[in-house]
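Dear colleague,

I am handing over the structure below, and after it I set out what was found, so that you can follow each point with the coordinates open beside the text.

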Amino acid sequence: MAVTRHSDAVAPLRSSGPVSIWLGRHGRTASASFGRLVHQPFASLMIILVIAVTLAIPAALNLVIKNFTAISSGWDDALDFSVFLDTGISESEAEALARLIAQRADVDDVRLITAEAALAEFKEQSGFGSALDHLPDNPLPHTLVVRPSAANTPQSMTLLREELDSLPETELVQVDTEWVQRFHAILEIVQQAIMIGAGLLGAAIIVIIGNTIRLEIQNRRDEIEVTKLIGASNAFVRRPFLWSGFWFGLFGSVLALGLVQYGLYLLRPTVARLAGLYQSGVTMLTLDLRDSLAIIGVGVVLGLAGSWLAAARHMRSIEPK
Amino acid sequence: MIHFENVTKRFPGGQEALSALSLTIDKGEMVFVTGHSGAGKSTLLKLIALIERPTSGQVVVDGKDTRRVRRRKIPAYRRQIGMVFQDHKLLYDRPVSDNVALPLIIAGLSPRDAGKRVRAALDQVGLLHKEKKNPETLSAGEQQRVGIARAIVTRPKLLIADEPTGNLDPDLSLEVMRIFRRFNEVGVTLLIASHDIALIDKLGCRRIELEEGRLQQAPDEDDFLAHFGDDYVPQGGDDGWR
């Protein structure tokens, strides 16, 4: 036996550079950690499932919001003005006014709803029915529903509204933007609530993974102690646990994607019916590549964060005695 | 190779494991530390392995003042030293070969590069044929030899062993000592804590006896250097145990 210096002893890394050493180490640790995961399929699956559900909930809700936002953004352009005329205006006067307004360049179409038609519709829809027959006369005015042309800017819309309002025949101009704005505000609140909820769920994932890694560290306490005793650095000892966290995060997020996609698949017929009602190409927004990568990225980062916290906290306490 | 200068180790609670201990072990020596349990043998080895730090005094190992070895550098420092333990400290979830390979893997070798060295180390302790076995299936003596193979696989210049034969019967103990002796012959410095005085006397190696943390019959260093100086050649061959 020839005794060589220690530096020689650990130097036969001839053909490989530092990067490939690093890659090699991580590759082997990664596959070993993966092996341990597979070795306990039930326990691993439970954790992955919990992570998947926890990730899927905010992802799905966010997708719902995204769809609503997409649908409702179309409503902004198709806003009609309801111009309620003075009750003293006759039907023929109203018709003349409608034709006049329809000639404007910034108006697409004007539709007259006569007082009679409005009352008939109200009777039918309100359910008061025959009670309304006892009214001495029709309290409703004629109404012009003015559809602005699509070329209008917000400024020209305001201008159009003001001009309609200043017509002598006009009692009131009502723009149906308010409910759209309210709807958007509600969507925004819901979206923020989802973000806060997602943050909490993210913290929960860190705790779940951290706890799992903590147990794994406890189980391998002797092994950690021995490897440290024979010269393993904290980084060396930490590495397999970080990889465990990585795998949990990765598989959890991939499963979460699967859950969301399955949910979308279940919703498809319902959405098709809705699209039919709108008689338009309402298509459901699904997870695109960016969303999917974002979910996987979040899962992986949370997995690494959880395992890092657990490893950092417990690794130092395990020192050879 | 190892130099203790006025080293005192006091544990929390006031108990003094080593008291102003000074000693020198030269390169290429094979030295035994003896003494009753609690005399400070383990503490002495732990100070060398930086498992413990001295309360006062200086420990120099291979020319390096261990006070200067920072916490983060301890792993790299330990990799320079081979360590053998009474309870082997093997990992029972993997085969013998993986246990022996561990120091090489820690040092960054790929398992493939490590394989040749692992087999060489196992060959030296006579366990090449048990490479694939789980250490649990081996006898205590064999397990200890696996521990030794793991300690020498990185070819350290210094090997420390804490009661390596503590759990072994006389025949196995002799076998283990014989292996140690062979390493010593090729230049490895060995420091072995043991209470098996009969066995040590057979080997004819230098003996440091500790009692309550102090050297007993403090050896005259000059005298020792005369016997075990630079041209110290391990004895043996005619004492019947080789």
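Of the 242 residues of chain B in this predicted model, 43% count as buried. The chain holds 8 helices and 10 strands, and among its contacts with a separation of 6 or more, 71% are made by residues 24 or more positions apart.

One helix of chain B can be followed in some detail. Helix H4 of chain B covers residues 111-124, which is 14 residues, and it spans 19 Å between its first and last C-alpha, close to the 20 Å expected at 1.5 Å a residue. Its buried residues are Ala114(B), Arg117(B), Val118(B), Ala121(B) and Leu122(B). An α-helix has 3.6 residues a turn, so residues three or four places apart point the same way. The cover over the buried residues of H4(B) includes helix H3 (96-106) and helix H5 (140-152) of chain B. After H4(B) comes Gly126(B), with a positive phi near 75 degrees.

Turning to the strands of chain B, strand E1 (residues 2-10) and strand E4 (residues 56-61) pair in the antiparallel sense over 5 bridges, and Ile2(B) has Val61(B) in E4(B) as its bridge partner. E4(B) also pairs with strand E5 (residues 64-65) of chain B, again in the antiparallel sense, over 2 bridges, with Val60(B) standing opposite Asp65(B) in E5(B). The hairpin of E4(B) and E5(B) has 2 residues between the strands, and in this hairpin Asp62(B) takes a positive phi near 50 degrees.

Asn6(B), which is found in strand E1 of chain B, has a phi near 55 degrees, a positive value in a residue other than glycine. Is Asn6(B) buried or exposed? Asn6(B) is exposed, because 12 other C-beta atoms lie within 10 Å, and a residue with 12 or fewer is placed in that class. Ala20(B), in strand E2 (residues 16-25) of chain B, likewise is not a glycine and has a positive phi of about 45 degrees; Ala20(B) counts as partly exposed because it has 15 C-beta neighbours inside 10 Å.

Chain A is described next. Of its 321 residues, 21% count as buried, and its secondary structure comes to 10 helices and 4 strands, which follow the pattern α-α-α-β-α-β-α-β-α-β-α-α-α-α when read along the sequence. In chain A, residues 24 or more positions apart account for 86% of the contacts with a separation of 6 or more. The domain assignment divides the chain into domain 1 (28-74 + 182-315) and domain 2 (81-176), and the centres of these two domains, taken over C-alpha atoms, are separated by 53 Å.

The strands of chain A form an open sheet of 4 strands in the order E2-E3-E1-E4, with antiparallel pairing. Strand E2 (107-113) and strand E4 (170-175) are the edge strands, each pairing on one side only, and neighbouring strands of the sheet are turned by 20 degrees against each other on average, direction ignored. Within the sheet, strand E1 (residues 81-85) and strand E3 (residues 143-148) of chain A pair in the antiparallel sense over 4 bridges, and the bridge partner of Phe84(A) in E3(A) is Thr143(A). Helix H6 (residues 154-166) of chain A lies across E1, E3 and E4 of chain A and runs at about 155 degrees to E4(A).

Glu124(A) lies in helix H5 (residues 115-126) of chain A and is exposed, because 10 other C-beta atoms are within 10 Å. Glu124(A) and Arg313(A) are 189 residues apart in sequence, and their C-alpha atoms are 70 Å apart in space.

Terms used. Residues numbered from 1 in each chain as written. Chains lettered and ligands numbered in written order. Predicted model: local features only at pLDDT ≥ 70, side-chain atom pairs only at ≥ 80, totals over all residues. Buried ≥ 20, exposed ≤ 12 C-beta atoms within 10 Å, placed from the backbone. Contact = placed C-beta atoms within 7 Å. Pairing = 2+ DSSP bridges. Axes fitted to C-alpha atoms, helices over the stretch in contact; angles between N-to-C directions. Expected span 1.5 Å × (residues − 1). Domains from an automatic or database assignment.
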